[in-house]
Every structure is written in structure tokens, then in C-alpha cells.
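The entries follow in the order I made them.

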Amino acid sequence: MEPSKQLSIVIPTYNRAEFLDYSLEVHIPMVREYGIEISIFDNASTDNTYEVVSKWMEEYPYLSYHRSETNIGPDANFERALKYPDTEYIWLLGDTYHIENGSLADVLNIVTSNYKYDSILINVNHEINDIATKEYTDQNMLLKELLWLMTCMSTHIYSKELIKHAQFSRYYHSNFIQVGILLEFISNKEFRLYWNKDINTIRINEINNKKKDLWSENQYFEIWVKNRINFVFSLPVSYSLDSKINSILKDGKDKNDDSIVALLYLRMKKIITLKNVITYWEYFKFITKLHPLIVLCITLIPINLLKILYMFKKGINNESKN
């Protein structure tokens, strides 16, 4: 069988050999039927990533390995990964995610159809259920409705044309290069983006009851709060101020059933601290409906007591839904 000319998968990785091993174990049986190439881009890992990939290269001829001699940073690694394939579409897949059974066939039906899209977006963990499957041709509507989804790299399937003209360097060090190259490309032009909420989705890998490390308290606020908000406001002026503000508010406010429950959870995990509330005070109006003073009070509650309050509050919410 010749390799697919329609779709390829690229997986940037760094020091996650165990997760990558699981990923290849899951995906190689899926892609074998269609001759889809998987390309691994190793950012100078110091673990046994090479040995893991070498083992699977003996099993599948369309698995390739590309290693940087030095760590070039995640942005440059993403760029070289996405520029490598010569297929019509490129799926950017995280090394800690896997494609559910059936998803690949569904995606191939889309990419081999008569309709040509600049990009295709699929669901993650079935988390978005309130936005129907549809084509987007309005950049502001896309930004308002699906920014949160697009921050997950594994939801993106890019067209070759998009990657060919992507302005990668503009979004270096933004933490959201995977979103920036898409939103920049479709800015102020006609485009077609296909969103499908019903395709069997991608999920986060769990190995031996272990998932990828969560952000620390400093990373959460620096990346997800400060950098994400700054990224949105740095987008081209063709995006309306209203769509930029609403995309941030939707991510922070509407996504959670209850802001207090969400903040209690973050406090329990020691992500929200007094120091971070003070440091990022000006950003809190974008991530919660609550007044920052209430958030400040939450940081003063002992963690053990918070666990009790969180479970009590969550139980009340579940009962109200039923």
C-alpha cells in the first residue's frame, strides 16, 4: 500500500517516552489500514524516546523519526513538524492524547470529500456539546465560540495550504502558536473551517493511573490567564473587540457550571494562592464572574476545609441538575 496523500499525523514530543509508546501502540493499528504516515519530532529528549520509536518503526513502515540535537523549544518543534508532510491535511497530535476508535475513518471521509477546508476541528473528551456540527465562514463567530477548543493542539487538522502560508514566528512564545497560525491565516479573507462535535473524539492518555503533569500554580496563571488573554488581544485587528472579549469570557465564565465550584477546585489543587491573586488581579475580571475580593477570601480558607466545601457545593449542583 502506498502512503496516504490525504492525511498524515505529526507528533512533537519531549521526554515522554512512556506516553509516546502507548500512543504508538494505540495508533499504529488504526493507521495501518489506510497507510497514514506518523512522524515523530523529538525535541532532544534525554529519555528512551529513540528506543521506543525504533521498536515501532520495525512494526510500521510509515513511521518516521526526526530528532533535534538540541532543544529548539516547543514552537520551533511544532513548526518543523507541521512543515514536514506533503499531504493535503496534517493532524497535529499531542504525545499525551489518543484518537478514539472510529475517529480516523470519520476524518478521512471529510478530507477525501469534494469539499476543501482550510482547517478541520474535532472535539476533545466530548467536552463541547452545545455547538452543533457546522462550517464556519465568519472569523469572529469562530473566535467567540471555539477559542477554548482550539487551545488544545490535538483538535487541529490543518490544510497544506494553511501551513504553507502560516506565520509561525509571529506567535512564537505566545503559548498558543497552534491557534495563532490558524486565526492569522483566515483573518480578513474568505475561508471554510469544518467543526464536527459528533466525531468520536480525542482523549487524554492515562497510563498506570498517570496522566500528563498538570500546570503548576505559576504556569496556570502565567499561561492560561495572562498569556492567553494577551494572545487574544494581539490577534489581527480584523477580529472585533467584542469577539475577542467574548472568547475570553466564554472560556473563563460560561465553560464552568459554577464559578465558585471551579475556584474552590483550583484552590484545593493549590493553583489559586494569595500571591497569584495579587499578581494577576487585573486579569480576574476575564476569568470569573466573582468579584476579585471573593477570590481573595477563597485563598485564605484552609485546604482541608475547602475540600469539604467543594464536595458539598458540587453535590448541591448535581442535585439541582437532576
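I call a residue buried under 20% relative accessible area, exposed over 50% and partly exposed in between, with a 1.4 Å probe and protein chains only. The model is predicted, so I note that local features need pLDDT of at least 70 and side-chain atom pairs pLDDT 80 or more, while totals for chains, interfaces and linings use all residues. Residues are numbered from 1 along each chain as its sequence is written, and side-chain values use heavy atoms, without hydrogens and water.

Ring pairs. I paired rings of Phe, Tyr and Trp (its six-membered ring) with centres within 6.5 Å; planes under 30 degrees apart are stacked, over 60 edge-to-face, the rest tilted. I got nine aromatic pairs by this rule.

I looked up F41 and Y84, an edge-to-face pair with 5.6 Å between centres and 70° between planes. F41 is in strand β2 (residues 37-42) and Y84 in the loop between α3 (74-83) and β4 (89-92), so the pair ties together parts 43 residues apart in sequence. Helices (H or I, at least four residues) and strands (E, at least two) are DSSP runs, numbered from the N terminus. F41 is buried at 3% relative accessible area, whereas Y84 is partly exposed at 40%.

Next I took F221 and Y280: their centres are 5.4 Å apart and their planes at 20°, so they are stacked. F221 belongs to helix α8 (residues 217-233) and Y280 to the loop between α11 (274-279) and α12 (292-298), 59 residues apart. F221 is buried at 0%, and Y280 is buried at 8%.

I also noted a cluster of Y171, F176, W224 and F231, linked by ring pairs.
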